[in-house]
Amino acid sequence: MYSLLWLFDTLISLYVWILIASAILSWLVAFNVVNPHNQVVRSVGEFLWRVTEPVLAPIRRLLPNLGGIDVSPIILIIGLYFIRNLVFELVS
């Protein structure tokens, strides 16, 4: 059972890091630090967008417009950690 908990924890941690990487890449593109026309940057950005957008889009629809500030990754990270801790409490 602990192996499944470890796998669950690892997958959540990996997804949190993917969310952080997606947010950082979007900032770097927005401030023209990286060139979005570069093939590597475009490929990484496309992968991150395809992995995170299906989960972030419903959260964005529920949130009010905050004027260009996207807090949906933060809300998702908090929710993922809450679910992780809840599962650990229920199993342990």
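Helix α1 (residues 2-30) and helix α3 (residues 72-91) pack at an angle of about 170 degrees, and their axes lie 10 Å apart; helices here are DSSP runs of H or I with at least four residues, strands are runs of E with at least two, and both are numbered from the N terminus. The axes are lines fitted to C-alpha atoms, for helices over the stretch in contact, and the angles run from 0 to 180 degrees between N-to-C directions. The two helices α1 and α3 are therefore roughly antiparallel to each other, given that angles under 35 degrees count as roughly parallel, over 145 as roughly antiparallel, 65 to 115 as roughly perpendicular and the rest as oblique.

This is a predicted model, in which local features need pLDDT of at least 70 and side-chain atom pairs count only at pLDDT 80 or more, while totals for chains, interfaces and linings use all residues. Residues are numbered from 1 along each chain as its sequence is written, and side-chain values use heavy atoms, with hydrogens and water left out.

The protein has three helices and zero strands, and along the sequence it reads as α-α-α. Its radius of gyration is 16 Å, well over the 12 Å that the globule rule gives for 92 residues, so the protein is more spread out than a compact globule; this radius is taken over C-alpha atoms, and the rule is 2.2 Å times the number of residues to the power 0.38. Along the principal axes, the C-alpha trace spans about 50 × 30 × 20 Å. Buried residues account for 23% of the 92 residues, where buried means under 20% relative accessible area, exposed over 50% and partly exposed in between, with a 1.4 Å probe and protein chains only.

The residues of the contact of α1 with α3 divide into 15 nonpolar, no polar and two charged, where Ala, Val, Leu, Ile, Met, Phe, Trp, Tyr, Cys and Pro count as nonpolar, Asp, Glu, Lys and Arg as charged, and the others, Gly among them, as polar.

The arrangement of α2 and α3 is described by an angle of about 110 degrees and axes 9 Å apart, and these two helices are therefore roughly perpendicular to each other. On the α2 side the contact is made by Val55, Leu56, Ile59 and Arg60, and on the α3 side by Ser72, Pro73, Ile75 and Leu76. The residues of this contact of α2 with α3 comprise six nonpolar, one polar and one charged.

The largest nonpolar core has nine residues in all, namely Ile12, Tyr15, Val16, Leu19, Leu56, Ile59, Leu76, Ile77 and Leu80; such a core is a set of buried Ala, Val, Leu, Ile, Met, Phe, Trp, Tyr and Cys residues joined through side-chain atoms within 4.5 Å. The elements that give two or more residues to this core are α1, α2 and α3, and α1 gives the most, with four residues. Leu80 touches Ile12, Tyr15, Val16 and Leu19, not counting residues up to four places away in sequence.

Thr52 is in helix α2 and counts as buried at 2% relative accessibility; leaving aside neighbours within four places in sequence, Thr52 is in contact with Tyr15, Ile18, Leu19 and Ser22. Glu46, also found in helix α2 (residues 39-62), is partly exposed, with a relative accessible area of 35%.

Note on methods: Contact means heavy atoms within 4.5 Å.
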